[in-house]
Amino acid sequence: MNAINAYLKKLDDKYRTSDSTEHTHRGALETYLESLDKEIIVINEPSRIEIGAPDLEIRIGEGATSLSIGIIECKNIGVNLDKEEKSDQIRRYHALENI
């Protein structure tokens, strides 16, 4: 099974329980992203930054010298992303170049 199919299966398995939340699915996304390249490190709930608390941070490299290349704001399956995109939270995050 390739990485994307494994990711989708994990999402589906947990979603079918009818008891999953945004946080439930982060582990599967972290595993998928880290499978893309051996240098990728995904931090779930990274330290708060000036404009908020992103859900995931993607880094490349090792330890203290790793470089942040992006943040991810997660939303639960079924959430209206058009509405979320207009939220104050996402407006603040647009100040970042790597969201």
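## A hairpin to start with

Strands β2 and β3 form a hairpin with six residues between them, and G61 in the turn has a positive phi of about 115°. Helices (H or I, at least four residues) and strands (E, at least two) are DSSP runs, numbered from the N terminus.

Before going on, note that this is a predicted model, in which local features need pLDDT of at least 70, side-chain atom pairs count only at pLDDT 80 or more, and totals for chains, interfaces and linings use all residues. Residues are numbered from 1 along each chain as its sequence is written, and side-chain values use heavy atoms, leaving out hydrogens and water.

## Strand β2 and its partners

Two strands pair if DSSP finds at least two bridges between them. β2 pairs with strand β1 (residues 40-44) in the antiparallel sense over five bridges, and I41 stands opposite R59 of β2. β2 also pairs with β3 (residues 67-72), antiparallel and over five bridges; here E57 has I71 as its bridge partner.

How enclosed is strand β2? Four of the five residues of β2 (residues 56-60) are buried, so the strand is largely enclosed by the rest of the structure. Buried means under 20% relative accessible area, exposed over 50%, and partly exposed in between (1.4 Å probe, protein chains only).

## A look at E73

E73 is found in the loop between β3 and α3 (81-85). E73 is buried, with a relative accessible area of 16%. Leaving aside residues up to four places away in sequence, E73 touches A53, P54, D55, Q89, I90 and Y93, where contact means heavy atoms within 4.5 Å.
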